[in-house]
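I opened a new notebook page for this entry. My plan was to look things up one by one and write down what I found.

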Amino acid sequence: MLGEGIVKGLAETARNFFGSYVSKDRLTTIQFPEERLPQAEAARNFPFLVYDGDDWQEGLRCVACQICEKECPPKCIFIEKSKDKKPDYLGKPQFYPAVFNIDVSVCMSCQICVEVCPFDAIEMDTAFELSTDNRFGGLLWRKAQLAKSNEYFQTIHPIGSAEVDERLTAAKVKAEAKAKAAPDTKPTTSPLPQTSSGPPTTK
Ligand code: SF4
Ligand code: SF4
């Protein structure tokens, strides 16, 4: 029937409108910004860099491998690798990003950078109130702005972060066991730093 879809849409709107007086489930709008809907686990906006511990510079997981920079379809990631190294969460000396910028005016929130990162160092944020009157500089996010703690990651993506924490904790336990098993050989790793990679696995 011609216009059937329009009639159905109007009927649904009417059901929600009149139903909202008797049932909260029919109230499909909220008084934003005073009220906010909880974000879904799968919600995503722009990427951020995860760090462990209290010091974001020391705790950044990113080792500046530049895979995400190469794979980003619109090429909105810019990385400069450091000249020196710092210990990663396993204690291995690794490069770190001296510069890490994302131009979020270009980013299309595809999440490919997250998928290709071998170090679980970059994740998708859910923050959306990001407007600025600085069209260029205000949308070029630098390392300090991109760095967010693992506790924040756990808050916005509890299921995804638990999987990552479990994987990293298992890798750390394995590295510690390997280091203990070879006490007389020259250590190839420096002492293990504390990470905030969440609770240890229950397995
Ligand atoms: S989400 Fe996609 S477009 Fe945005 S920085 Fe990552 S790879 Fe690039
Ligand atoms: S975020 Fe991940 S993929 Fe990108 S440079 Fe850092 S470690 Fe490599």
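The entries below go from the whole chain to its parts.

**Ground rules.** I am working with a predicted model, where local features need pLDDT of at least 70, side-chain atom pairs count only at pLDDT 80 or more, and totals for chains, interfaces and linings use all residues. Residues are numbered from 1 along each chain as its sequence is written, while chains are lettered from A and ligands numbered from 1 in the order in which they are written.

**Whole chain.** I looked up the secondary structure and found seven helices and eight strands in the protein chain. Helices (H or I, at least four residues) and strands (E, at least two) are DSSP runs, numbered from the N terminus. I then looked up burial: of the 203 residues in the protein chain, 20% are buried. A residue is buried if 20 or more other C-beta atoms lie within 10 Å of its own, exposed if 12 or fewer, and partly exposed in between, with C-beta atoms placed from the backbone. For contacts between residues at least 6 apart in sequence, I noted that 73% join residues at least 24 apart. Two residues are in contact if their C-beta atoms, placed from the backbone, lie within 7 Å.

I checked the length of H1 (residues 4-19): its 16 residues should span 22 Å at 1.5 Å a residue, and the end C-alpha atoms are 22 Å apart, which agrees. The expected span is 1.5 Å times one less than the number of residues. How many residues of H1 are buried? The count is zero, and H1 is hardly covered.

H7 (residues 158-181) has 24 residues and reaches 34 Å between its first and last C-alpha, close to the expected 34 Å. Its buried residues are Ser161, Asp165 and Leu168. Helix H6 (150-156) is part of what covers them.

**Leu90.** I found Leu90 in the loop between strand S3 (86-87) and strand S4 (93-94). Is Leu90 partly exposed or buried? Leu90 is partly exposed, because 19 other C-beta atoms lie within 10 Å. Leu90 and Glu176 are 86 residues apart in sequence, yet 8.3 Å apart in space, C-alpha to C-alpha.

**Sheets.** I looked up an open sheet of three strands in the order S6-S1-S8, with mixed pairing. Two strands pair if DSSP finds at least two bridges between them. Strand S6 (122-124) and strand S8 (147-149) are the edge strands, each pairing on one side only. Strand S1 (residues 47-51) pairs with S6 in the antiparallel sense over three bridges, and Leu49 stands opposite Ile122 in S6.

Another open sheet of three strands has the order S2-S5-S7, with antiparallel pairing. Strand S2 (77-81) and strand S7 (140-141) each have a single partner strand, so one side of each is left without a neighbour in the sheet. S2 and strand S5 (residues 97-103) run antiparallel and are joined by five bridges; Phe78 has Asn101 in S5 as its bridge partner.

**Ligands.** A residue is near a molecule if its C-beta atom, placed from the backbone, lies within 6 Å of it. Ligand 1 is surrounded by 14 residues, the closest being Cys72, Cys107, Cys110, Ile112 and Cys113. I sorted this shell into twelve nonpolar, two polar and no charged residues. Here Ala, Val, Leu, Ile, Met, Phe, Trp, Tyr, Cys and Pro count as nonpolar, Asp, Glu, Lys and Arg as charged, and the others, Gly among them, as polar.

Around ligand 2 I found 13 residues, of which Cys62, Cys65, Cys68, Cys117 and Ile122 come nearest. That shell divides into twelve nonpolar, one polar and no charged.
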